[in-house]
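Here are my notes for you, one point at a time. Keep the picture open while you read, and find each residue as it comes up.

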Amino acid sequence: MGHMGAPQQAPQPLPGVAHVIAVGSGKGGVGKTTVAVNLAVALSKLGYKVGLIDADIYGPNVPMMLGVTRQPNIVGENMIEPIVSHGVKFISVGLISPGDKPMVMRGPMLHQIIRQFLQQVQWGTLDFLIVDLPPGTGDVVISLVQTVPLTGAVVVSTPSDVSLQDARKALEMFHQVKVEVIGIVENMSHFTCPHCQQVIDIFSSGGAERTAAQFGLEFLGSLELDPSIRKGGDSGMPVAVAGPDSEIAKDFYAIARKVASAAVEIASRTDDVLEIT
C-alpha cells in the first residue's frame, strides 16, 4: 500500500469533526454521488452539522447537484472556506476547475488534494463529514484512510449482478484497509410506471439486500428509480431538501437515520487508530 520501508504517518482525527463517513461503490453509474449528496442534506435537515467532500476527482458532480459552482474563498492562514448549500458545507475540485476541463493527475497529486480537502478546509464543528469517493478501489481511498480515521463506509450498488460483482470488491477493499462498512444501499431498485403503476425491476431486484446478508452487513434500504431524483440532482435541488415528510425523500431519510445511529454506535465501541502499513 505504501512505499516499502517508508514510514507511514498515523491518520490524525480532524479537530471538531465527530464522524467521517465514506460513500463508495465498486463501479461508476450506480448513483453513488446522488446518494452521498442526499444523505448529507438529509442529515443536515435532521439537525446535524454536516460537511461533504467531493473526492471523486475525475468526475466532480457535487457542485452541480448542490447548485453552487463558484470558487471558494481563501481565508486566514491559506485555509479554504467551504461553500455552503442546503445547510451542507462542501468542497470539490469542480469548484476550482469548473467546466469541461478534465483533471489529469497521478497518485501523488491525488493524495495532496485529499489531504488539502481534509486538513486545509475550515470545516469547523461537524457531526458528520461525508466523503464521496470515486468509483473503484484506487488511490483516493488509500490517501483518505492514511490521512484521517474513518468511522465507517456506506457502499452503493444497483441490484444488477454486474454492479454487485464490483460492489463486493469495494466491500473487500474496506475490509483490507480496516474500515467498518456501515451497510449497503440499493439504488435504482425498481421503477413504478406513472401511468399504470406497474413496478418494473429494470436492474433486477433484491441483489444488494442478499449481498448484505451474505457479508453479515446491514441493508440500509432501497431507493426507487425516479425521474424526480434525477431532476433534483441536475437542478441543484436534491430531493432531500423537501424534508423527511416528503414521499420521494423519505427513503433517503430512513437511510440517514440508520447511518447516524450506526456511526454513533461504532464510535462508542472503538477508539482504534486505522493505519495502513
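1. Skipping its neighbours within four places in sequence, Ile130 is in contact (heavy atoms within 4.5 Å) with Ile21, Val23, Ala36, Leu39, Ala40, Leu43, Val50, Gly51, Leu52 and Ile53. Ile130 also shows up among the residues with the most contacts inside the largest nonpolar core, along with Leu52, Ile53, Leu129, Leu144 and Phe174.

2. A word on what you're looking at. This is a predicted model, where local features need pLDDT of at least 70 and side-chain atom pairs count only at pLDDT 80 or more, while totals for chains, interfaces and linings use all residues. Residues are numbered from 1 along each chain as its sequence is written, and side-chain values use heavy atoms, with hydrogens and water left out.

3. Back to that core, which has 86 residues. A nonpolar core here is a set of buried Ala, Val, Leu, Ile, Met, Phe, Trp, Tyr and Cys residues joined through side-chain atoms within 4.5 Å. Buried means under 20% relative accessible area, exposed means over 50%, and partly exposed is in between (1.4 Å probe, protein chains only). Helix α9 gives the most to this core, with 9 residues. Helices (H or I, at least four residues) and strands (E, at least two) are DSSP runs, numbered from the N terminus.

4. How do α1 (residues 32-45) and α9 (residues 250-269) pack? Their angle is about 75° and their axes are 9 Å apart, with axes being lines fitted to C-alpha atoms over the stretch in contact, and angles running from 0 to 180 degrees between N-to-C directions. That makes α1 roughly perpendicular to α9, a label for angles of 65 to 115 degrees. Among the residues of α1 that meet α9 are Thr34, Val35, Leu39 and Lys45, and on the α9 side Phe252 and Tyr253 are included.

5. With a relative accessible area of 30%, Asp251 is partly exposed. Leaving aside neighbours within four places in sequence, Asp251 is in contact with Ser222 and Leu223.

6. Now compare Asp56, in the loop between β2 (50-54) and α2 (62-66). Is Asp56 buried or exposed? Asp56 counts as buried, at 9% relative accessibility. Its contacts, again leaving aside neighbours within four places in sequence, are Lys32, Thr33, Asp132, Leu133, Pro134 and Pro135.

7. Last, some backbone angles. Most residues other than glycine have a negative phi. Asn78, in the loop between β3 (73-75) and β4 (79-81), has a positive phi near 55°. Lys178, in the loop between α6 and β9, has a positive phi near 60°, and Lys178 is exposed, with a relative accessible area of 56%. Gly216, which follows α7, has a positive phi near 70°.

Conventions: Angles under 35 degrees count as roughly parallel, over 145 as roughly antiparallel, 65 to 115 as roughly perpendicular and the rest as oblique.
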